[in-house]
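Hi,

Here is the structure I promised to pass on.

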Amino acid sequence: MSESFTKGMARNIYYGGSVFFLLIFLALSFHTTKEMPKRDHRENLTEAVERGKALWEENNCIGCHTLIGEGAYFAPELGNVFDRRGGEANFKAFFSGWMKAQPLNIPGRRQMPNFHLNDEEIDDLAEFLKWTSKMDTNNWPPNIEG
Amino acid sequence: MNTLKYQSQAVAKPYFIFALILFVGQILFGLVMGLQYVVGDFLAGAIPFNVARMVHTNLLIVWLLFGFMGSAYYMVPEESETELYSPKLAIILFWIFAAAGVATILGYLLVPYSTLAELTFNDLWPTMGREFLEMPTITKIGVVVVALGFLFNLGMTILKGRKTAINMVLMTGLIGLAVFFLFSFYNPSNLALDKFYWWFVVHLWVEGVWELIMGAILAYVLIKITGVDREVIEKWLYVIIAMALISGILGTGHHFYWLTTPEYWQWIGGVFSALEPLPFFAMVLYAFNMVNRRRREHPNKAATLWALGTAVMAFLGAGVWGFLHTLAPVNYYTHGTQITAAHGHMAFYGAYAMIVMTIISYAMPKLRGIGEANCNRAQVREMWGFWLMTVAMVFITLFLTGAGVLQVWLQRLPESGEALSFMATQDKLAIFYWLREVAGVVFLLGLIAYLTSFWVTEKKA
């Protein structure tokens, strides 16, 4: 780099540029959190959904699954599992049966542990997954397979 | 023989040693998971995949933090031209952090995660069970306490000494690391908000302030091994980290494409994150440029190799592999596939694992009283470690990329009804996962070569 471009100038670009873009980022983040109520349907966030989220976290589901694409890539996406596995009519029955059937013990197949949830907890978790499936995610994922 | 300029730099040694021990654990659990990808029920009862994964990623984060802390304790006294404010505090904090880290990992391994949550009163202040932030709330508080003591110690040292650009950049990076970690305590019941602020830790760490830490360490090592004028190196440092933050802060938007967030993030996140490779490219130019303009022949060739290697691999892993899937129309199909895993592996290895090994390579001979450099035989062994690990990581990345492309092709691109299910797709990817596991074993061999180099001595005549 040429001699006319000094260390002082570089330093000012660093401090000035970082602060400037950090402020823009904070402003946009503020705007985003104001916009999100229109898209995240928080009005439907019931206590059951809240309990379901706690169960989701306390059993480390994210350690195998993705949820809206984030998490581990070992097991299926669950952001839209509600729609994939029966929706309004059949999801809860499917989900309850599924949770109770674990571990499947099929030799060589990836194995989901049994988390020993009771019926009420399974219902809460189902409510959380249902709520999640109804978030406005700009049409992600591309298809039902997640 | 005493080869340290400031005696208090010695506190870095336990940090570096412990970091490498955790690194071994990280790789072993990585191999377990790699095998579980193809032999699904391997150790499924003893170490379920979610536990192995949590151990793998948390060990990575913690060993890098130990590495960063060791680097800071080593660099700051020399940069400030004064002894560390309190070596005793540094050692106390080492033991607190090490004990908390080991206890947490044992907690993951010995009891079910839900029991750990219960034992640590997660319901009082729920912060657990989110990717990378799985540690119990009490551990998180411990991390904050350690970070505060660490920053206080360094701050007091710098205040009484010389305030170089490297010191200032390192400090801003470390303060940023501590500040952004605080978002891990915010866990609203609204998943959308939870995810939005989760990125304030995850993205602003690895694509933000950690780059400052990396830049400062690289600049320090380059000054030492090339003897190039500090003014020149520090000017480059400022330019690089300016580019890193200017692109990286708004680049956070590439995580806000599918998150109940406004569409403008698809443009802002896309444009700015597309610029994120630039600072890494500048880092490659700068590292090679400085080494070519060297004014001395430093006897530590291995450290020079690590410094050049980290720049190149960070550019490839974080820069190129990040760019591959950063634009919204591409990310729509690749989000949450093995493409992400490929990028994550090479980026973390190239930028952060390698920068820590760069400073360890430079500092360890001095910390151990050997002198400027290890003997030639030890350096040759260390370079075997470098090449085996680095080439293995290139192949891990390529195989995961192959798996990711095929996964997108089978599972994401077709319409509903025609697309293959997740599990059916995974079966088709088995060959890539097997090859990745083989590359992982080679990586472990490289790590063993690297670690054994610490015991290699000159042949007796």
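**Salt bridges and the A–B interface**

A:Lys100 counts as partly exposed, at 48% relative accessibility (buried means under 20% relative accessible area, exposed over 50%, and partly exposed in between, with a 1.4 Å probe and protein chains only). Helices here are DSSP runs of H or I with at least four residues, numbered from the N terminus.

Before you read on: this is a predicted model, where local features need pLDDT of at least 70 and side-chain atom pairs count only at pLDDT 80 or more, while totals for chains, interfaces and linings use all residues. Residues are numbered from 1 along each chain as its sequence is written, chains are lettered from A and ligands numbered from 1 in the order written, and side-chain values use heavy atoms, leaving out hydrogens and water.

Over all chains, the structure holds 23 salt bridges. Another one joins A:Lys38 and A:Glu35 at 3.0 Å, N to O. Here A:Lys38 is exposed, at 64% relative accessible area, but A:Glu35 is buried, at 18%. In chain B, B:Lys301 pairs with B:Glu297, with the closest N and O atoms 3.5 Å apart.

Now, how many residues of chain B are in contact with chain A? The count is 88, and they touch 69 residues of chain A (contact means heavy atoms within 4.5 Å). About 6,800 Å² is buried between the chains, with carbon and sulfur atoms giving 63% of that. Buried area is the accessible area (1.4 Å probe) that two parts lose on being put together, summed over both. On the chain B side, B:Lys235, B:Tyr238 and B:Thr260 lose the most area to chain A, together 10% of what that side buries.

Between chain B and chain A there are five salt bridges. One of them brings together the side chains of B:Lys195 and A:Glu70, at 2.9 Å, N to O. Helix α8 (residues 230–251) of chain B supplies the largest share of the side that touches chain A, with twelve residues.

Enjoy exploring!

Definitions and conventions: Salt bridge = Lys/Arg side-chain N within 4 Å of Asp/Glu carboxyl O. Helix = DSSP H or I, 4+ residues; strand = E, 2+ residues; numbered from the N terminus.
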